[in-house]
There are 2 protein chains.
Amino acid sequence: MLLTPKEEVYHRIGRLQKELNSANVDGFLILQNVNLFYFSGTMQNSVMFVPRKGEPLLLVKRSLTRAQIESPLANIVPYTHLTELPHALSTLLEKPLTKLYLELDVLPARLYLWLKELFSGVEFVNGSEPVRKLRMIKSRFEIEQMQKAAEIARAVYSEIPSLIQPGMREIDLSAELEARFRKMGHQGLVRAHRWDLELYYGAVISGANMSYPVPFEGPDGGMGLSAAVPQGAGEKPIQEGEPIMVDMVVGYNGYMIDKTRVYALGRLPEDLLKAHRFALEVQKEMTELLRPGNSSRRIYQTVMKKVEQSPYRDYFMGYGDNKVRFVAHGIGCEIDELPLIAEKPDLELQPGMTLAVEPKIFFPQKGGVGIENTWLITEDRPKKLTDFPDDLHFL
Amino acid sequence: MLLTPKEEVYHRIGRLQKELNSANVDGFLILQNVNLFYFSGTMQNSVMFVPRKGEPLLLVKRSLTRAQIESPLANIVPYTHLTELPHALSTLLEKPLTKLYLELDVLPARLYLWLKELFSGVEFVNGSEPVRKLRMIKSRFEIEQMQKAAEIARAVYSEIPSLIQPGMREIDLSAELEARFRKMGHQGLVRAHRWDLELYYGAVISGANMSYPVPFEGPDGGMGLSAAVPQGAGEKPIQEGEPIMVDMVVGYNGYMIDKTRVYALGRLPEDLLKAHRFALEVQKEMTELLRPGNSSRRIYQTVMKKVEQSPYRDYFMGYGDNKVRFVAHGIGCEIDELPLIAEKPDLELQPGMTLAVEPKIFFPQKGGVGIENTWLITEDRPKKLTDFPDDLHFL
């Protein structure tokens, strides 16, 4: 099992401590799975405390054994109840605790209120945002995990043409792809930062089902299997002459990529071909703009100006209820990482950022077309991690 | 698509309003996916307000169209920002709002603090617990969904003997089962109430990997595929003469069942056969105890007394770090519903409760044996929803 290297873990902690110092916060109490994994190398039922300087502490409820196997941290200790926290933390600090980062974006209210009582007098500040900003810059190790996820995607997408059969249901195609992903090491879980934002792989959708309204904050529609999983693949049979969109997230060793390709049995009407060419043009222009120093808002405005002047204004990035106000989203351990190519938040692009750029166009009855690739911002042109032909694939 | 019937939705709302009256709370502001689905019949990006009496209100951000298709509620309106809530609620109430149920178990702290400011002067009380208690009693409609999930499980488990091959990896067997589940309508997602408790189907584990320590609060071990998904199926090859445990959750139309069977290529050592017989004995004795009026704590104590007097004290319900202090868990829309057969909380069993009863025994090197079935509490003996032979399956 490939573990996060010791230097990598301590480098991340070093970046966090720099942030704690500049924000004048005594430490970060980490409880969220993804952040525990990021800063300790293991994802246990545990709590991690990173003080402003010095060695962090990982308190583990379960499994201590596994934490010791997987984490390169020097201080890993068992604990049984959160009431032990204030004493455990005080041993690491020179002065009494006054200000603490907590993951307020995700920590449940009841746990937050309980911690507030436990650490009475300590000011809690939201650490979710600063950590998301640290995590948006990926290291070489992280890029390698995303490249492995992209390799899995490439191998499985290569099989799609031989799998699609007229009359098969969307869910059948999805199941075939899911099984192939798993056998190649896909982690199964797709994680999101936003509360209650659920995703199962992604979407395998066709024809009119591609614009069926969904609650998920993305442009793809899809009836899903029931009102309890109201998005993505459903029981609709795949027909000749309609677009089939395969938008799948692949996760490997905690890191995800996002990729969309469109297939068709037979030909597609000329207006869909034209719309696809437009999406590829948007992608091409965006790759010129995805450079260090550029503003995410400006890029979005540039794209939207082009879209407003095109025939696709009403159809770009979702039709009807499905329309979204972004054209790319950060991705890594979570599918909704920073930056977003959107009006806000406005962030300056930096090398090491990874973005799923997904210009897509959806029509109400005919379905949609477009492209999605995961890109790495470099010093120069962005690097396409999800290398694979962007064209429509006719079968 | 099978939707929750109108009478069912209003019956649930009626039960909630009874609870609101007895707790003297003005209403329930529902934001969690699963509760929105339960009380509105649709799972949109939305907020639902159930006043103490009268018609509830579903405010929908996305998708309003889909909410109108799926929900039988009379009042479904669009909203764009939570700031619109206080006014929208006031129109439903005779008096100003003083006390409100909120899902404090799951609502993120930042959202909670924001609502607190928005509804200044209103007292927020944790509505998670009372709703969990309402949801633990299943209706006939809900049992039907769980029965369909059990049918999917039965069909796919029947294929396991023909799928297991010596030398195939745990993950390969898991992938084959997952694909079959999906084609039969498995929803993919497995939901939990507890924050950051993640589960992907369940566990397909064999031999020594069955006791590998995991953070998940269950008795099954398993290395998983990486430190980022540290549980369940891994890359270990399945060997002759070792137990292979298939513990899968199947979800249909929002409702789940949980089921475990143990397989082996060739024979198993006598001590494992004996341990399995003991687990079946525990199950049998428990089915005598799972009757209305009985206390969940008493049942647990009775089981543990038997275990303490057996040779399985150290191995029952997990070995080492994996040991858990329950022998059955409620299941429905979430895998960690009430009641638990454990020391606490002590609840009186009632008809309509559904429980995954999973007496299992795990040894450190040899792996584990045992059984898991999902049961419905009735007026008389419990009904086994996951009907299927309980024996070890030798291939």
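Chain A has 10 helices and 17 strands. The model is predicted. Along the principal axes, the C-alpha atoms of chain A fill a box of roughly 70 × 40 × 35 Å. Of the 395 residues in chain A, 56% are buried. Contacts also reach across the sequence. Among contacts in chain A between residues at least 6 apart in sequence, 67% join residues at least 24 apart.

Chain A touches chain B. The contact takes 56 residues from chain A and 57 residues from chain B. On the side of chain A that touches chain B, four helices each supply at least two residues: helix 2 (33-40), helix 3 (64-70), helix 5 (109-118) and helix 8 (170-183) of chain A. Helix 8 of chain A gives the most to this side, with nine residues. By residue type, the side of chain A that touches chain B divides into 26 nonpolar, 17 polar and 13 charged residues.

Within chain B, strand 5 (residues 99-102) pairs with strand 6 (residues 123-126). The pairing is parallel and runs over four bridges. Leu100(B) stands opposite Phe124(B), a residue in strand 6 of chain B. Between these strands the chain passes through helix 5 (residues 109-118) of chain B.

An open sheet in chain B is formed by four strands, in the order 7-8-9-17. Its pairing is mixed. Strand 7 (202-206) and strand 17 (393-394) of chain B stand at the edges. Each has a single partner strand, so one side of each is left without a neighbour in the sheet. Strand 17 of chain B runs parallel to strand 9 (residues 255-264) of chain B, and two bridges join them. Here Tyr263(B) stands opposite His393(B), which belongs to strand 17 of chain B. In a regular strand, side chains alternate between the two faces of the sheet. Helix 8 (residues 170-183) of chain B lies across strand 7 and strand 8 (243-252) of chain B. The helix runs at about 145° to strand 7 of chain B.

Notes:
Residues numbered from 1 in each chain as written. Chains lettered and ligands numbered in written order. Predicted model: local features only at pLDDT ≥ 70, side-chain atom pairs only at ≥ 80, totals over all residues. Contact = placed C-beta atoms within 7 Å. Nonpolar A, V, L, I, M, F, W, Y, C, P; charged D, E, K, R; others polar. Pairing = 2+ DSSP bridges. Right-handed = clockwise from strand over helix to strand, strands pointing away. Buried ≥ 20, exposed ≤ 12 C-beta atoms within 10 Å, placed from the backbone. Axes fitted to C-alpha atoms, helices over the stretch in contact; angles between N-to-C directions.
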